[in-house]
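Biologist: Before I use this model in any calculation, I would like to go through it with you, one feature at a time. Could you show me the sequence and the structure?

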Amino acid sequence: MKPLSGASDTERRNDEGHDSKPAEVQYPPLVRNLILRAMCGVYLVAFLSFYAQAEGLYSNSGILPANRVLANGTLQERFNLLRLVPLLGLDSQSGIDLFCLAGCVVAFLGLVFSDFCRLQSFIAMWSLYFSLVQISQCFRQQSDELLLEVGFLCILLAPSKLSDPRSSIEDLALLLMKWLLFRFVFASGSVKLASGCPLWWDLTGLKRHYETMPLPTSYSWYTYQQPDGLHRLSTIYVYLSELVCSWLFFAPNQKVRMFALWWQLFLHLNIIGSGNYGFLSLIVMTLLLTLVDDRELARTPVKKEARKEDRTGALTVKLISILMVVGTWIVFGVGYKNGELAFKLLFNRSQYLNMMQMMLRMAPLLVLSLMVQKFLKIVNKQAEGIRKMTENWQLFLPTLAAFIVLLTSIVPHFQLTQSTAISSSIFTKPYQGLHNLLVVNQYGQHLIKMRPKRLEIILEYSDDLTGPWHEYGFEYKPWNHEGSMPYAWVYFPRFDFKFYDASNSKPNTNKWLYPLVQRLLQNEPAVLKLFDEDHVPAKPPKFIRASLYHFSFTSWFEGNSTTFWTRERVSDYFPAYTLNDGFLETKLKDIGIPTTATPPEAINLPLKWLLDAVRNFLAIFEGSLLVLGVLAAAVVMIITQKQT
C-alpha cells in the first residue's frame with residue numbers, strides 16, 4: 001500500500017521496518033480547507049437572507065432607511081464601505097443590493113470551487129457583511145456578530161491560495177476558533193443557572209423554551225408534548241452539553257474530541273429542527289470541525305501508534321460516559337417516585353456560582369497555555385528565532401493579531417458573572433475597540449431569564465375605529481391560532497424575529513414600530529413584502545393598532561396539522577394610529593426618518609437598472625426558497641465537478 005503523498009524518505013523506511021522510530025506523518029490541511037469552504041456556505045446564506053428583506057427594512061421606502069445611518073458619524077459607520085457607493089453613481093438602496101449580490105457571488109464561488117477559498121475572498125466577504133450589519137440598526141442579531149467574529153478568524157486561517165502549504169499561523173487560528181466555540185457554548189449554558197431563574201432550576205426551562213422561543217416550528221410543538229420527566233432529562237442533557245462536554249473541545253485525544261463533536265452535533269440538529277434561528281447553528285457546526293484532525297479525513301494506513309492512541313481514546317470516552325451518567329444521577333438526584341422520574345438538585349445557586357467562577361478563570365489559562373505552546377513551535381521553526389520572525393511581517397502580524405484577539409476575548413468571557421468581570425482599562429479599551437468592529441463579542445445574555453409565557457404583537461387595520469378590524473399576516477411569526485409554524489430552515493427572517501424582542505417591552509422602546517406603521521398606512525409595497533401577502537389590505541387602511549395576545553400550545557389531543565396554538569387577548573399594545581392626527585409624523589421627525597419615501601437618486605443608471613432587474617426577478621421567490629434554491633444549485637455543481 002502506498003504511503004501518503006508527501007511523506008518523507010524516513011517515513012517510507014519506517015513502513016518497511018528499517019527504522020525503529022516512525023516519523024510523524026504530514027497530512028495536507030484538510031480540516032482547514034473544509035472549514036473555509038463551509039464558511040463560504042454560511043456567508044452565502046447570510047448574504048441571501050439579508051438581501052431578501054433589505055428592501056423592506058433599509059431602502060428609502062423601508063422601515064429604517066440606511067440613509068439615516070450613513071448620514072451620522074458614529075464610530076462604527078465611519079468604517080462602512082457603503083459610504084463609497086456614491087462614487088459608483090448609486091444610491092444607498094442600490095448599494096445595499098450591490099454589496100449583497102457581490103458577497104453572494106464571492107461566497108458561491110468559494111463554496112463550489114475550492115480554489116476561491118482564499119485570503120482575498122474572506123477579506124472581501126467580511127468587509128461587505130460588516131458594512132451591511134452596520135446599517136442593520138436594531139435588526140442586528142447575535143448570529144451576525146458570531147458570523148463576523150468567525151469570519152475574522154477565517155482571515156487569519158485562509159491562505160493566499162488553497163494550494164499553498166500549511167501556514168505556521170494555522171494552528172493558532174484553529175485554536176482561536178475552538179476557543180470561540182467554547183466561549184459561545186459555555187456562555188449559553190452557564191448563564192441559565194447563574195441567573196437564578198426558577199424555570200431553569202426546577203428543570204422545566206427547556207419545556208417552556210419550546211413554547212416561548214422566538215420562531216418555533218411544528219417540531220417544537222411535538223417535543224413540547226413529551227412527558228415532564230423526559231423534558232427534565234433533556235434539560236440536564238443541555239447542561240451537560242454546554243457546561244461539561246464543552247471542556248472536551250481541548251482534549252489532546254482525537255477520539256475524545258469526536259465524542260464531543262457528535263454530542264454537540266445532535267444538540268444543534270435539534271435546535272435547527274425546533275426553531276428558526278437561521279444560520280446560527282450552521283456557524284456552530286462549522287466551528288465543530290476544529291475538533292477533527294486531518295488524519296481523520298485522510299484515507300491513509302493507520303500506524304501502530306495511532307491504533308494505540310485510538311484504543312486509549314475509546315477507553316477514555318467510555319470512562320467519560322460512565323462518569324457523566326453516574327454524576328448526573330447523583331448531582332441531579334435522579335430517582336423514581338410514584339412510578340415517575342423524580343429530581344432533586346444536590347447543589348444550590350451559591351455553590352454553583354462558586355464552581356462557575358472557578359471554571360471561568362481556568363478556561364483562559366488553559367487556552368493561553370496552548371497558544372504559548374503553539375507559538376513556541378512557530379518560533380522554533382524560524383532559523384533565527386523571534387528576531388527572524390519579527391522581520392517576516394506576513395507571519396508576525398497575524399501572530400500578533402491572534403494574541404490580541406485571545407487576550408481581549410477574556411473580557412466578555414469574564415463578564416458572565418459580576419464577581420469575575422474585568423474593570424481594568426488595559427483590557428476593556430482594546431475589547432471595546434474590537435467589539436466596535438464585531439471582531440470580539442459577548443454571547444449568552446439572551447438566555448439569562450426564561451419567559452414565563454408567550455406574548456405576541458398582532459397588527460390590525462381598519463377603515464373605521466368601530467371596526468371591523470383585520471389582522472396582518474406574518475410569514476414565520478405566530479399570529480393566529482389557525483396558522484401553521486413553517487420552517488425557514490437556514491434562512492434568517494430578521495423582521496419576524498424582531499417582533500419577539502418587542503413583545504417583551506414597551507412600544508416607546510421600539511421606535512422602529514412608528515415608521516413601520518407609517519409605511520403600512522401608506523401601503524408601501526416594499527414593506528408589505530415582509531408580511532404574508534395573502535393577509536394584507538389591497539388599499540391603504542385608515543387606522544392601524546396593535547394588540548397583545550397570550551399564545552399557548554394546544555395539547556396533544558387538541559392539535560392537528562393546522563392548529564398548534566390557542567390565544568387570548570391580553571391588552572392593547574399601542575392604540576389606533578392614523579396619518580391625519582400628526583402623531584406619527586412627530587415621532588418620525590424625532591428619529592430622523594422622512595414621513596414619505598424619498599425617490600432614490602442614481603447617476604449610474606445602467607448598473608441601477610441591472611440591480612433592479614435582478615431584485616424584481618428574485619422577488620418571486622420567498623426568502624427560504626431562495627436560499628434553499630441557491631444552495632441546491634451549489635450542491636449540484638459540486639457533485640458534477642466530482643463526477644467529471
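This is a predicted model: local features need pLDDT of at least 70, side-chain atom pairs count only at pLDDT 80 or more; totals for chains, interfaces and linings use all residues.

Biologist: In which order do the four strands of the open sheet run?

Modeller: The edge strands, each pairing on one side only, are strand E4 (470-471) and strand E6 (565-577). Strand E3 (residues 454-462) and strand E5 (residues 543-553) pair with each other in the antiparallel sense over nine bridges. The pairing in this open sheet is antiparallel, and the order is E4-E3-E5-E6.

Biologist: Which residue in E5 stands opposite Glu460, and is the side chain of Glu460 buried or exposed?

Modeller: The residue opposite Glu460 is Arg545 in E5, and the two side chains also meet in a salt bridge with an N to O distance of 2.6 Å. This pair links distant parts of the chain, 85 residues apart, with Glu460 in strand E3 and Arg545 in strand E5. Arg545 is partly exposed, with a relative accessible area of 22%. Because buried means under 20% relative accessible area, Glu460, at 5% relative accessibility, counts as buried.

Biologist: How many residues apart are Arg567 and Glu471?

Modeller: The side chains of Arg567 and Glu471 meet in a salt bridge, at 2.7 Å from N to O. Arg567 counts as partly exposed at 25% relative accessibility, whereas Glu471 is buried, with a relative accessible area of 17%. The pair joins strand E6, which holds Arg567, to strand E4, which holds Glu471, and the separation is 96 residues.

Biologist: Which residues are linked with Asp97 in a network of salt bridges?

Modeller: The structure holds 19 salt bridges, and one of them joins Arg615 to Asp97, with the closest N and O atoms 2.8 Å apart. Arg615 in helix H25 (residues 605-618) and Asp97 in helix H5 (residues 92-112) lie 518 residues apart in the chain, and both residues are buried. The network links Asp97 with Glu55, Lys529 and Arg615.

Biologist: Where is the cis peptide bond that ends at Pro468?

Modeller: Most peptide bonds are trans. Pro468 is found in the loop between E3 and E4. The bond, with omega near 0°, is cis and runs from Gly467 to Pro468.

Biologist: Is Asn523, which has a positive phi, buried or exposed?

Modeller: Asn523 has a positive phi of about 55° although it is not a glycine, and this residue lies in the loop between helix H22 (513-521) and helix H23 (525-528). Trp489 also has a positive phi of about 55°, but Trp489 is partly exposed, at 43% relative accessibility. Asn523, at 12% relative accessibility, counts as buried.

Biologist: Which helix gives the largest share of the nonpolar patch on the surface?

Modeller: The patch has about 840 Å² of accessible area together, and its residues include Ile322, Trp329, Tyr336 and Leu346. Val326, another residue of the patch, is partly exposed, with a relative accessible area of 43%. Six residues, the largest share, come from helix H16.

Methods: Residues are numbered from 1 along each chain as its sequence is written. Side-chain values use heavy atoms; hydrogens and water are left out. Patches are made of residues with over 30% relative accessible area and no salt bridge: like charges are joined within 9 Å, nonpolar side chains (Val, Leu, Ile, Met, Phe, Trp, Tyr) within 5 Å. Accessible areas come from the Shrake-Rupley method with a 1.4 Å probe; for residues, only the protein chains shown count as cover. A salt bridge is a side-chain nitrogen of Lys or Arg within 4 Å of a carboxyl oxygen of Asp or Glu. Helices (H or I, at least four residues) and strands (E, at least two) are DSSP runs, numbered from the N terminus. Buried means under 20% relative accessible area, exposed over 50%, partly exposed in between (1.4 Å probe, protein chains only). Two strands pair if DSSP finds at least two bridges between them.
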